Amino acid sequence: MKLSPAEVVKQAQMSQVLNYAKQCKLAGLGKQVQTLCEEARQQQWTYEEFLLKLMEEEILHRKNGRYHKLLKQARLPQVKTLDQFQFQRAPFLSRAEMQELHSLSFVSEASNVLFLGGQGLGKTHLLLSLAHQACLQGYTTLFITAAQLGNQLVESQSERQLQKFLDKLRKIQVLCIDELGYVQLSAVTTQLLFQVISDRYERGSILLSSNLEFSEWTQIFHDERMTAAILDRLVHNSRIVLFKGNSFRIEESLKRKSNSSKRKEE
């Protein structure tokens with residue numbers, strides 16, 4: 001079907017718009033401009049309304065792009081959200097307090113959040129949820145276990161790349177350290193961890209989970225003076241949340257076992 005002269009001009013103009021969008025690196029605008037042009041004609045938008053819609057699409061595209069980039073850099077083993085957390089199984093937690101924490105107001109204050117308690121009570125879930133929320137809000141984030149962080153520090157030191165790795169960690173706005181106390185650390189590793197914690201004191205937030213009470217942290221860091229120094233920096237200006245009760249995973253396992261036994265009896 002032969003196009004009318006007006007349609008030929010319109011196609012040429014749209015092609016040029018897309019070319020300009022590419023040159024100006026306006027990928028979001030380029031993807032939606034044709035659809036928005038049609039909608040603008042149908043809805044009889046003003047020039048201002050049309051321009052606003054174009055800019056909104058570009059901003060949304062950039063936010064989504066940054067979110068996915070931050071999520072990749074954060075290295076979350078899996079994405080968890082606060083909505084997925086089963087508060088009915090954790091009566092020791094305040095939903096309101098967790099919602100307030102997820103506003104991430106503590107990040108601008110460079111303060112810390114410490115989750116302490118036994119295994120299987122939801123500490124890692126909420127740590128992952130906070131890390132994911134940080135990505136959504138545009139913060140540079142890293143999620144790592146204490147053992148992984150310790151290994152990377154020792155490896156960087158042996159390869160004479162420690163300062164480079166420490167500089168990289170300083171640029172992270174939200175550093176999430178999971179499972180502190182689950183694996184015994186060497187004296188060298190604890191000294192390096194102390195350096196990381198000291199570097200971030202009142203400069204960047206640390207979100208940390210541990211299965212040990214503060215009184216038991218000498219088991220992790222070996223030396224009482226070092227333990228006291230680490231606690232002094234972590235606890236100052238921090239939010240401490242205690243997790244109490246029986247493991248969710250153990251309870252779930254016992255429940256499955258009980259249900260299986262009942263079916264066999266039937």
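Reply: Glutamate 100 and arginine 239 meet through their side chains in a salt bridge, 2.9 Å from N to O; the term stands for a side-chain nitrogen of Lys or Arg within 4 Å of a carboxyl oxygen of Asp or Glu. Because glutamate 100 sits in helix H4 (residues 95–101) and arginine 239 in strand S5 (residues 238–243), the pair ties together parts that are 139 residues apart in sequence. Helices (H or I, at least four residues) and strands (E, at least two) are DSSP runs, numbered from the N terminus. This is a predicted model, in which local features need pLDDT of at least 70 and side-chain atom pairs count only at pLDDT 80 or more, while totals for chains, interfaces and linings use all residues. Residues are numbered from 1 along each chain as its sequence is written, and side-chain values use heavy atoms, with hydrogens and water left out.

Glutamate 100 is partly exposed at 32% relative accessibility, and arginine 239 is partly exposed at 29%. Here buried means under 20% relative accessible area, exposed over 50%, and partly exposed in between (1.4 Å probe, protein chains only). Glu97 joins Glu100 and Arg239 in a network of salt bridges.

The structure holds 6 salt bridges. Among them is the pair of arginine 62 and glutamate 58, whose closest N and O atoms are 2.7 Å apart. These two residues are 4 residues apart in helix H3 (residues 47–74), so about one helical turn separates them. Arginine 62 is partly exposed, at 45%, whereas glutamate 58 is buried, at 4%.
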